[in-house]
Number of protein chains: 2
Amino acid sequence: MPTLDDIRQAARELDGRIHRTPMLTSSALNERFGAELVLKAELFQKTGSFKVRGLLTKLLRLTAEERGRGVITVSAGNAAGALSWAARDAGVPATVVMAKTAVPAKIDAARGYGATVELVEGDLIAEYERIRDERKLTGVHPFDDEDVITGHGSLGLEVLDERPDLETVLVPVGGGGLISGVALAVKLVKPGIRVIGIEPEQADVVSRSLAAGAPQKLPTARSIADGLAAPVCGTRNFPLIQEYVDDVVRVSEESLLEATRLVMSRTKLAVEPAAAAPFAALLSGLKTQCPTAVVLSGGNLDVAKLML
Amino acid sequence: MPTLDDIRQAARELDGRIHRTPMLTSSALNERFGAELVLKAELFQKTGSFKVRGLLTKLLRLTAEERGRGVITVSAGNAAGALSWAARDAGVPATVVMAKTAVPAKIDAARGYGATVELVEGDLIAEYERIRDERKLTGVHPFDDEDVITGHGSLGLEVLDERPDLETVLVPVGGGGLISGVALAVKLVKPGIRVIGIEPEQADVVSRSLAAGAPQKLPTARSIADGLAAPVCGTRNFPLIQEYVDDVVRVSEESLLEATRLVMSRTKLAVEPAAAAPFAALLSGLKTQCPTAVVLSGGNLDVAKLML
């Protein structure tokens with residue numbers, strides 16, 4: 001398990017390579033929910049999501065031999081963009097395995113950073129393992145990895161550094177990568193803080209894993225919050241979530257759409273639906289102790305679906 | 001004609017009542033266009049657009065008698081929200097005349113600020129004049145007004161104050177309110193600066209007015225950039241545009257849609273299509289001397305059309 005020193009070290013390594021994203025407030029949203037919310041605008045992060053934190057940390061810790069073979073990951077989209085960007089920067093060839101149904105902008109982003117994009121159907125993880133082994137590439141799991149968790153923890157340090165008075169942090173949940181790192185970091189700094197995860201009802205693998213007491217796997221996971229539609233909960237993420245996350249709540253597809261529109265219209269931030277998930281929970285009645293940080297995890301919206 | 005002192009006085013009156021919006025940069029957009037662009041993020045302004053600058057200035061300059069009667073304006077949407085907000089703040093009753101086809105979020109915003117909203121069909125300006133006279137309200141023209149122009153000029157002062165090295169300012173154009181104020185302000189401060197307006201081909205009343213040498217009126221003006229679909233060029237705006245605007249270019253509906261998607265995907269700012277108009281021009285080949293300020297005029301997007 002990463003220590004606070006490990007996370008601080010990762011934060012130092014990331015410093016200057018990625019953005020320290022702003023923490024913003026919206027009086028309209030505060031009024032709407034009767035709450036004091038602080039928005040960690042990670043949609044302004046390099047590559048448009050928090051994913052670079054963990055994936056760049058991982059890449060920096062690979063051996064020269066591992067890098068020399070080239071790296072590969074599997075992703076709904078944001079991890080693909082993040083690894084492709086980090087690899088390009090480091091001169092490492094990258095391959096990313098994505099679903100044919102991935103958001104086109106996310107596919108284009110990975111290609112734009114020079115990665116080899118493999119679009120597959122069916123079991124993404126099986127395809128990823130097959131290609132990784134066939135091509136002798138260095139596998140980088142998008143979330144079930146200790147270095148990735150450590151890197152994501154840097155976000156937790158930043159929010160508490162800027163707002164030590166925070167009582168709660170709301171974090172969107174896919175396979176558990178972001179929340180395991182953030183929860184670990186903030187609880188090590190401030191044990192009394194509450195961390196609440198939000199995941200789609202249609203992709204609720206972390207809720208199911210917590211209920212079962214062990215990481216579960218879903219046959220399918222589809223959500224308009226494509227970034228949260230992980231079919232598995234990471235084995236390294238799960239014990240951290242068990243220990244450090246206070247609650248994980250599930251939200252409907254309707255509330256995710258309403259939340260995306262609400263955040264966009266009130267803040268003028270182009271959040272992707274995954275980032276609006278905490279607001280879907282607030283719209284559904286979640287009460288939270290304030291000040292509350294809300295992690296706006298990314299902004300890689302499917303703009304082709306923006307009809308005007 | 002407003003003087004530089006008039007505009008500075010308006011800016012002082014606005015100070016503390018509205019936001020000084022940030023000027024942002026996007027390395028992705030700079031690379032895309034081979035340009036140094038500075039984005040004046042007026043979508044973060046109170047009520048989500050620049051309109052409060054002029055309309056609050058106007059409201060502050062009305063007599064007690066004029067305010068006591070209540071105010072009325074006519075608007076594609078953003079002026080309605082701006083006047084409603086300013087009037088609520090000042091305890092003045094507001095009526096706004098809007099088209100039945102206006103963006104629902106803009107109608108809701110005016111209602112949310114407590115205004116009486118009159119949704120009409122046909123000739124908006126005729127309906128506005130009829131209701132104004134019947135109810136003995138104080139008419140506030142959304143752009144053809146010297147105080148409104150003076151207030152909008154404050155935006156020009158801000159961009160040059162922050163970036164005195166600017167060579168060009170790109171401004172979306174509807175009826176000419178914003179660009180007349182901004183052009184006047186920046187040219188009075190820095191005569192050598194270039195000001196270029198951008199208007200939709202389908203709502204090109206300012207281009208037609210310049211060609212004709214007098215303010216023109218269009219039978220219809222419809223554009224996905226609803227904020228720019230003014231059917232008339234203001235009589236007070238026109239001479240300022242003639243004197244201080246270097247060029248007005250026209251952009252297609254397709255380029256407006258592409259520009260909106262481009263700006264949103266690269267900057268994660270939820271711009272409305274009017275605000276993306278300068279990028280429609282850049283996409284269509286406009287060359288500009290840099291550094292160039294781009295006025296992102298508003299963010300009141302029709303989020304109901306955001307399908308996910």
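Predicted model: local features only at pLDDT ≥ 70, side-chain atom pairs only at ≥ 80, totals over all residues.
**View 1. Chain A as a whole.** Chain A is built from 13 helices and ten strands. Its radius of gyration is 18 Å, close to the 19 Å the globule rule gives for 308 residues, so chain A is as compact as a globular protein of that length. Along the principal axes, the C-alpha atoms of chain A fill a box of roughly 55 × 45 × 40 Å. Buried residues account for 60% of the 308 in chain A. Take the contacts in chain A between residues at least 6 apart in sequence, and 75% of them join residues at least 24 apart.

**View 2. Helix α9 of chain A, residues 177-189.** From first C-alpha to last, the 13 residues of this helix reach 19 Å, close to the 18 Å expected at 1.5 Å a residue. Eleven of those 13 residues are buried, so α9(A) is largely enclosed by the rest of the structure. Among the buried ones are Gly177(A), Leu178(A), Ile179(A), Val182(A), Leu184(A) and Lys187(A).

**View 3. Strands β4 and β5 of chain B.** Strand β4 (residues 94-99) and strand β5 (residues 116-120) run parallel and are joined by five bridges. Look for Met98(B), whose bridge partner in β5(B) is Leu119(B). To get from β4(B) to β5(B), the chain passes through helix α6 (residues 104-112) of chain B, making a right-handed β-α-β crossover.

**View 4. Where chain B meets chain A.** Each side brings its share to this contact: 22 residues from chain B and 22 residues from chain A. On the chain B side, helix α12 (residues 253-267) gives the most, with five residues. By class, that side of chain B has 14 nonpolar, four polar and four charged residues.

Key. Residues numbered from 1 in each chain as written. Chains lettered and ligands numbered in written order. Contact = placed C-beta atoms within 7 Å. Helix = DSSP H or I, 4+ residues; strand = E, 2+ residues; numbered from the N terminus. Nonpolar A, V, L, I, M, F, W, Y, C, P; charged D, E, K, R; others polar. Expected span 1.5 Å × (residues − 1). Buried ≥ 20, exposed ≤ 12 C-beta atoms within 10 Å, placed from the backbone. Pairing = 2+ DSSP bridges. Right-handed = clockwise from strand over helix to strand, strands pointing away. Rg over C-alpha atoms; globule rule 2.2 N^0.38 Å.
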